[in-house]
Amino acid sequence: MAVRQVLPEEYDELDQKLEKELPLSILGLVHFRLMRSKHLLREKMVLVDSWPHVSVLVIVDRQMRGTVPFAAGFCRGPDFASTLDTLLQTGSKGLSPPFYFVRCSTDVIDALIGQYKSANTCPFQKDNCNTFVYALPAENIVPLAMPDGFRETELTERHLDAVIKAWPYSEEMDKIASVEKWFKYTIFNFPTVCIETDDERPVAWEMQQEYGGLGMLHVEPEYRRNKLGSIVTRALAKKLTKEGQLVFACVNDINVPSIAFHENNGYVRLPFEFCFTEYFFEAK
């Protein structure tokens, strides 16, 4: 199989192909559109298994940028697991392990891992839980009034310390790559919403992550009875909708409070599960 890189003049056609594969292609499509709109595809390789008929897509960093390498994309089904493996091997050249990839339904990842004879020889490691994908239709976005004493703003570098401290995985991730650089990259490039008190203390926030989903929602414990979480997520969803984006979020299947939160805020669960996966390839 010859891995092919999609050319910029073919991006419109690729967009159309991915849109026809919705909802299964939602992560790959939203990530592709997001990177394209932010002029970040020049930093990526857009790899496919064939053209013009595309069954597997991998969008991956061209080189290290001080954060954990990242890939997203689309795979039509478990029959294409070996093809996905080939594209990931191609995309990993020039990067340092591990890299995280977000794209595929659990049956694809199970088939990908199942190609290897044992856990010792398999370079892929699934998260401990699967992920529900929730989409938020535009008609379900109902803004909520902001309580007195708060204001809506965006995350900036002055909020970094609070964001890093609040994220429960910061210490673990910082052993692999700079969490500060990663959050700076996210805050600088993608939409965010932050709620501050009148004295400019950040008390609630959410951001669009690189793969396109809404996440990293946090509300300071003493403010969790003010519906600030719902206000933040609806405000961010409205912002993305105005930009013409599809709004979705990934929720761990064991996170019952988060599942209830998203459903109460108008999100609709899609009919498949995804999983986040680490790829521990051998550096070239």
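User: What is the relative accessible area of glutamate 19?
Analyst: For glutamate 19 the value is 42%, so this residue counts as partly exposed. Keep in mind that the model is predicted.

User: Which residue forms a salt bridge with glutamate 19?
Analyst: Arginine 33 does, and the closest N and O atoms are 3.5 Å apart.

User: How many salt bridges does the count come to?
Analyst: The count is 17. The general idea is that side chains of opposite charge can pair when their charged atoms come close.

User: Then take arginine 151. Which glutamate forms a salt bridge with it?
Analyst: Glutamate 196, with 2.8 Å between the closest N and O atoms.

User: Which parts does that pair tie together?
Analyst: Arginine 151 lies in strand β8 (residues 150-153) and glutamate 196 in strand β9 (residues 192-197), so the bridge ties together parts 45 residues apart in sequence.

User: Glutamate 196: buried or exposed?
Analyst: Buried, because its relative accessibility is 0% and the cut-off for buried is under 20%. Arginine 151 has 36%, so that side of the pair is partly exposed.

User: Which residues are linked in a network of salt bridges with Arg151 and Glu196?
Analyst: Arg158 and Glu200 are linked with them in that network.

User: What about arginine 269, which residue does its side chain meet in a salt bridge?
Analyst: The side chain of glutamate 273, at 3.7 Å from N to O. Arginine 269 is partly exposed at 41% relative accessible area, and glutamate 273 is also partly exposed, at 24%.

User: Changing topic to helix α7. Which of its residues are buried?
Analyst: Helix α7 covers residues 179-189, and its buried residues are Val179, Trp182, Phe183, Tyr185, Thr186, Ile187 and Asn189.

User: What covers the buried residues of α7?
Analyst: The cover includes the helices α5 (160-166) and α6 (170-174). It also includes the strands β9, β10 (202-208) and β11 (214-219). Strand β9 is the one that holds glutamate 196.

User: And at the start of α7, what does a side-chain oxygen of serine 178 reach?
Analyst: It comes to within 3.5 Å of the backbone nitrogen of glutamate 180.

Key. Residues are numbered from 1 along each chain as its sequence is written. This is a predicted model: local features need pLDDT of at least 70, side-chain atom pairs count only at pLDDT 80 or more; totals for chains, interfaces and linings use all residues. Side-chain values use heavy atoms; hydrogens and water are left out. A salt bridge is a side-chain nitrogen of Lys or Arg within 4 Å of a carboxyl oxygen of Asp or Glu. Buried means under 20% relative accessible area, exposed over 50%, partly exposed in between (1.4 Å probe, protein chains only). Helices (H or I, at least four residues) and strands (E, at least two) are DSSP runs, numbered from the N terminus. Contact means heavy atoms within 4.5 Å. A polar contact is a pair of N or O atoms within 3.5 Å; within protein, one must be able to donate a hydrogen and the other to accept it, and residues adjacent in sequence count only if both atoms are side-chain atoms.
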